[in-house]
Amino acid sequence: MIFETIPESPIALTAEQAADMQQLQIKKHQVAIVLLHWFNALVWLAELLTGTALIVSPAYRFAPQWYLILMEQLFGARENLLRFHIAVGITWTIVFLVYAIFGWKHYLHAEVLKKEIGLDHDDFEWLRIRLLKLLGRSQEPLPPQGAYNAGQKLYAVLVYTAVPVIILSGLEMVFHVGSPSLVAWAMLLHFVAVGMVVSGLMVHVYMGAVFPEERPAFYSMITGMVDELYAYRHHFKWWKDIKLQHKHQLPKAAPAQKSEEKPVELSRSKTSGL
Ligand code: HEM
């Protein structure tokens, strides 16, 4: 038995409780989101590799000359490199449009977005304390977090703001709608918006793929699931929400159990069904 009542704030766990919670799996991401995320990551990789090779002007270029030559040789000609960059970008735009149209109700409506990217008081406190901790100037515990912590939310806000700018400026550069100065502005915007995402991406990839404490989050982007102990320790408010939704499954503070009957709690290796 893990909990008979849902705690208001994180309480210390016994070793037995922690071990039990580690066995339980909770669904964090829908299959569609997992697929979209890795499709998106692949697209970003392809677009960054080709996009950096397309900037040839010495004033803006930051990839070394050998890289530009290598990419040009790989694609046969610079025009092919550009065609590839545009084709991937347009495919990405279409996939996101389909996602936005069909996924609106499930993944993008106000309530979901508020939970996933809306910053509340705890989030601002989390950012403050996290920063002080990084500077070695705070021992305060981090406030409980929802499905995403404040850092992840900030990154998601950045991505959701920059992606439409990248798509619209990219289309403007391809189709040259309006005056040449509009195209010039589009180039600048495209570059700045991509740069902003990439600056956050370094932290995102480090936290997601390298940082040991966040390993369960990485696997959740493959299996869709996290163990309950991780959810409790890192995303307490989200864990609590799930428990409240499944309140009826909590074990009753009842007479001693007979024989091998197990509590009705989310049973071992089963999902919360979310
Ligand atoms: C190798 C590259 C990447 C890795 C290892 C990675 C890792 C992860 C992981 C582990 C999560 C889950 C976080 C959690 O559930 O607590 C996540 C979510 C997310 N990632 Fe990435 N990511 C990568 C690339 C990208 C790229 C390129 C973008 C966008 C430009 C991106 C945007 C996001 C967003 C917006 C979420 C939240 C998803 C949601 O709404 O459920 N990621 N990523």
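**Around the ligand**

Select the shell around the ligand, whose residues divide into 13 nonpolar, seven polar and two charged (Ala, Val, Leu, Ile, Met, Phe, Trp, Tyr, Cys and Pro count as nonpolar, Asp, Glu, Lys and Arg as charged, and the others, Gly among them, as polar). This is a predicted model, in which local features need pLDDT of at least 70 and side-chain atom pairs count only at pLDDT 80 or more, while totals for chains, interfaces and linings use all residues. Residues are numbered from 1 along each chain as its sequence is written.

Within this shell of 22 residues, highlight A41, W44, G208, A209 and A217, which come nearest to the ligand; a residue is near if its C-beta atom, placed from the backbone, lies within 6 Å of the molecule. Then colour α2 (31-54), α7 (150-175), α8 (180-210) and α9 (215-223), the elements that each give two or more residues to the shell, with α8 giving the most, six residues. Helices here are DSSP runs (H or I, at least four residues), numbered from the N terminus.

**Where two helices cross**

Next select α3 (residues 65-75) and α4 (residues 78-108), which pack at an angle of about 85° with their axes 7 Å apart; axes are lines fitted to C-alpha atoms over the stretch in contact, and angles run from 0 to 180 degrees between N-to-C directions. The two helices, α3 and α4, are therefore roughly perpendicular, a term that covers 65 to 115 degrees. Show M71, E72 and F75 of α3, which meet R78, N80, L81 and F84 of α4, contact meaning C-beta atoms, placed from the backbone, within 7 Å.

Note on methods
Angles under 35 degrees count as roughly parallel, over 145 as roughly antiparallel, 65 to 115 as roughly perpendicular and the rest as oblique. Two residues are in contact if their C-beta atoms, placed from the backbone, lie within 7 Å.
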